[in-house]
Amino acid sequence: MLTDKIRSKQSGILFYGLTPPKAKHTKEELEIIAAKHIKRLSDLDIDGLILYDIQDESDRTDIERPFPFIETLDPCEYAKNYLDAPLHVPVVIYKAVGKYNKQEFSLWLENRKNKKFHTVFVGAASKETKVTIGIKEAYELKKSVSPDITLGGIMIPERHTIKKDEHLRVFSKIEDGCEFFVSQCVYDLMGAKRFLDDYLDYAKKNNKPLVPIIFTITPCGSSKTLDFMKWLGINIPMHLEKRLKNSENILEDSVKLSKDIFEILYFYAKGKGIPVGCNVESVAIRKEEIDASIKLLEDIQKIMGRK
């Protein structure tokens, strides 16, 4: 069903994004966490669950990381061993390809051959990051080893604001086999709109098909979390940063802001015939922030006419 929606280039695809539990947890602790995830997800009207493959991005910047990096469970392992049987929703696995050598990555692809599998390949965090295989080689391996996998790519609106070529990167990745794109978290509305304009313009001029663009939005529960989002490279315009940091309820205001941003992008794209969807990200562990992500998801469902 999800692959059909992607390959028919539908608008309104809806994801919910989670970070797998910390790798240090015991099997019993992981089962408890998974049960909570399954309970949370069981009643959600979503097309797929995104599981992130977390990287330590400290070599991307000299600025100190606001939160310490803690290794998480491999998303494939978490999905297969803890979520697969009771969770009746497609899972989209992020794969940080630079973590693996060619043999390891080829074996991973081989094990997913002829299965209904969805993945998003993630490249190195920076040019300084040492990797064994790069994103281009990963695309080539996927084509030769497991061509039936439904493959997605990363789209970064902030990069388009600076370099004005993110649409060209997207079309290059489409040539490499990407069938949909998930953005980095969006707070820069104008940057995202400029990307959509250039994406459509290039497609028309070069007779290229448009694939679904899934915009990621996420609640922000504190000033420190906001600083961490900036550390990750998310562009938060100064007026929005001040508005959130001066807010009496930053979590509530960030939910409203994220909803407004996506609503504008959704109808802006719809008016131009660009297939757009949403990924509501929930990477916090505080109950208030988890509840806020569910509220945001429900708001997005209404915007899309799903409820």
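## Close-up views of a predicted model

**View 1. The buried residues of helix 9 pack against strand 6 (180-185) and helix 10 (238-245).** Helix 9 spans residues 223-231, and its buried residues are Thr-225, Leu-226, Phe-228, Met-229 and Trp-231. Buried means under 20% relative accessible area, exposed means over 50%, and partly exposed lies in between (1.4 Å probe, protein chains only). Just after helix 9, Gly-233 adopts a positive phi of about 100°. Helices (H or I, at least four residues) and strands (E, at least two) are DSSP runs, numbered from the N terminus. This is a predicted model, in which local features need pLDDT of at least 70, side-chain atom pairs count only at pLDDT 80 or more, and totals for chains, interfaces and linings use all residues. Residues are numbered from 1 along each chain as its sequence is written, and side-chain values use heavy atoms, with hydrogens and water left out.

View 2. The 8 strands close in the order 1-2-3-4-5-6-7-8, with parallel pairing. From one strand to the next, the twist averages 30°. Strands of a sheet pair through backbone hydrogen bonds, either parallel or antiparallel. Here, two strands count as paired if DSSP finds at least two bridges between them.

**View 3. Strand 3 and the strands beside it.** Strand 2 (residues 48-51) and strand 3 (residues 91-96) run parallel and are joined by 3 bridges. Ile-50 stands opposite Val-92 of strand 3. Strand 3 is also joined to strand 4 (residues 118-122), by 5 bridges, and these two run parallel. Across that pairing, Ile-93 faces Thr-119 in strand 4. Strand 3 is largely enclosed by the rest of the structure, because 6 of its 6 residues are buried. Val-91, Ile-93 and Lys-95 point one way, while Val-92, Tyr-94 and Ala-96 point the other way; all are buried.

View 4. Helix 11 (residues 250-272) lies across strand 7 (213-217) and strand 8 (276-282). The helix runs at about 165° to strand 8. Axes are lines fitted to C-alpha atoms, for helices over the stretch in contact, and angles run from 0 to 180 degrees between N-to-C directions. Helix 10 and helix 11 pack at about 145°, their axes 9 Å apart. Helix 10 contributes Leu-240, Arg-243 and Leu-244 to the contact, and helix 11 contributes Ile-250, Asp-253, Ser-254 and Leu-257. Contact means heavy atoms within 4.5 Å. By class, this contact has 4 nonpolar, 1 polar and 2 charged residues. Ala, Val, Leu, Ile, Met, Phe, Trp, Tyr, Cys and Pro count as nonpolar; Asp, Glu, Lys and Arg count as charged; the others, Gly among them, count as polar.

View 5. A disulfide is a pair of cysteine sulfur atoms within 2.5 Å. By this rule, the count is 0. Cys-185 is in no disulfide, and its nearest cysteine sulfur, that of Cys-220, is 8.8 Å away. Cys-185 is buried, at 3% relative accessible area. For Cys-278, the closest cysteine sulfur is in Cys-185, at 9.8 Å, which is too far for a bond. Cys-278 is also buried, at 0% relative accessible area.

**View 6. Aromatic pairs.** Rings of Phe, Tyr and Trp (its six-membered ring) pair if their centres lie within 6.5 Å; planes under 30 degrees apart count as stacked, over 60 as edge-to-face and the rest as tilted. The whole structure holds 12 aromatic pairs. Phe-171 and Tyr-202 have ring centres 4.9 Å apart and planes at 35°, so the pair is tilted. This pair links distant parts of the chain: Phe-171 sits in helix 7 (residues 166-175) and Tyr-202 in helix 8 (residues 189-206), 31 residues apart. Phe-171 is buried at 7% relative accessible area, whereas Tyr-202 is partly exposed at 27%. Tyr-266 and Phe-267 have ring centres 5.2 Å apart and planes at 75°, so the pair is edge-to-face. Tyr-266 is buried at 5% relative accessible area; Phe-267 is partly exposed at 40%. Ring pairs also link Phe-105, Trp-108, Phe-117, Phe-121 and Tyr-139 into a cluster.

**View 7. Surroundings of Phe-195.** Phe-195 belongs to helix 8. Phe-195 is buried, with a relative accessible area of 0%. Leaving aside residues up to four places away in sequence, Phe-195 touches Met-155, His-160, Glu-166, His-167, Val-170 and Ile-213. Phe-195 and Lys-113 are 82 residues apart in sequence and 34 Å apart in space, C-alpha to C-alpha.
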